[in-house]
Amino acid sequence: MASRDTNVLISALITVLLSSLVAGCSPDGGKAGGGGDNWSPPPRHTGFDYQIGGVYPPAKDVGVVSRDRAAQPAPSLYNICYVNAFQAQPDERDDWPADLLLHDPNGRIVIDRDWDEPLLDIGTAKKRERVAARVGPWIDGCADDGFDAVEPDNYDSYTRSKGLLSAQDAKAFMSLLVRRAHRNGLAVGQKNTAELASSGHELGVDFAVAEECGAYDECGVYAKAFDDRVVVIEYTDTGLRKACRAFGERLDIVRRDHDVTAPGGNGYERRTC
């Protein structure tokens with residue numbers, strides 16, 4: 001018969017084991033024992049490149065790079081993982097359940113005409129959970145591949161929804177993505193959507209990825225909301241000049257071609273302040 005001390009020891013070991021198993025489970029589906037509090041936003045003003053349209057070796061003055069989730073991160077740099085979270089890629093449209101694509105009152109799918117992308121229906125809590133269950137594994141994959149952060153694109157899809165989605169819908173869905181990313185040890189960058197920048201910290205967003213904030217005089221909005229933790233992409237010479245003139249000493253700014261191609265590609269362009 002075991003002694004009292006032996007029974008106490010066995011009981012303690014069982015408790016520790018059960019606690020470890022519980023801690024390793026993530027109700028949001030993130031990696032077991034994920035990043036916890038071990039995420040951090042990109043370092044300020046260390047040079048930035050936007051490579052979501054094609055991967056190539058970053059210049060020596062680049063410390064932060066953004067790449068598509070299908071690509072591998074750049075060695076020894078801070079890497080942001082691009083995920084199209086609020087709309088469906090044109091070639092992935094058939095992969096989505098029909099009821100998770102946003103339909104207008106006439107039954108037609110609502111399309112972002114600039115990119116031929118169907119909007120995802122995040123108009124109810126249940127649908128947000130279902131969409132997040134499909135986007136979540138992409139975020140997990142970013143963490144598994146060694147990225148440091150994620151930028152969920154098309155946060156502003158509600159502005160193209162013909163009034164069928166609201167800013168509150170977008171924020172509610174973003175909060176699900178933030179929790180998933182943070183559980184995986186990834187920081188989260190708000191992509192565009194200056195009108196919701198002031199809500200970023202409330203949702204747990206860590207920094208901003210701003211396209212053409214120089215061209216549209218919005219860089220100051222992001223800089224204020226995210227304490228200068230902002231990476232900027234401009235697609236015109238005018239936008240680059242404006243952004244550099246006002247924020248070149250504070251934010252990381254890069255001029256890219258509209259298709260964000262790799263060197264040697266048609267129209268490739270990359271310049272900084």
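Residues are numbered from 1 along each chain as its sequence is written, and side-chain values use heavy atoms, with hydrogens and water left out. Because the model is predicted, local features need pLDDT of at least 70 and side-chain atom pairs count only at pLDDT 80 or more, while totals for chains, interfaces and linings use all residues.

Helices (H or I, at least four residues) and strands (E, at least two) are DSSP runs, numbered from the N terminus. Strand E9 (residues 230-234) is mostly covered, five of its five residues being buried, where buried means under 20% relative accessible area with a 1.4 Å probe and protein chains only. Val230, Val232 and Glu234 point one way from E9, and Val231 and Ile233 point the other way.

| Pair | Sense and bridges | Residues standing opposite |
|---|---|---|
| E8 (residues 207-211) and E9 | parallel, four bridges | Glu211 and Ile233 |
| E9 and E10 (residues 252-256) | parallel, four bridges | Ile233 and Val254 |

From E8 the chain crosses through helix H5 (residues 219-225) to E9 in a right-handed β-α-β crossover, that is, with the strands pointing away from the viewer, the path from the first strand over the helix to the second runs clockwise. E9, helix H6 (residues 237-247) and E10 likewise make a right-handed β-α-β unit.

In H6 the buried residues are Gly239, Leu240, Ala243, Cys244 and Phe247. Seen down the axis of H6, they fall within an arc of 125 degrees (taken from the directions from the helix axis to the C-beta atoms), so they line one face of the helix.

Key:
Buried < 20%, exposed > 50% of the residue type's maximum accessible area, 1.4 Å probe, protein only. Pairing = 2+ DSSP bridges.
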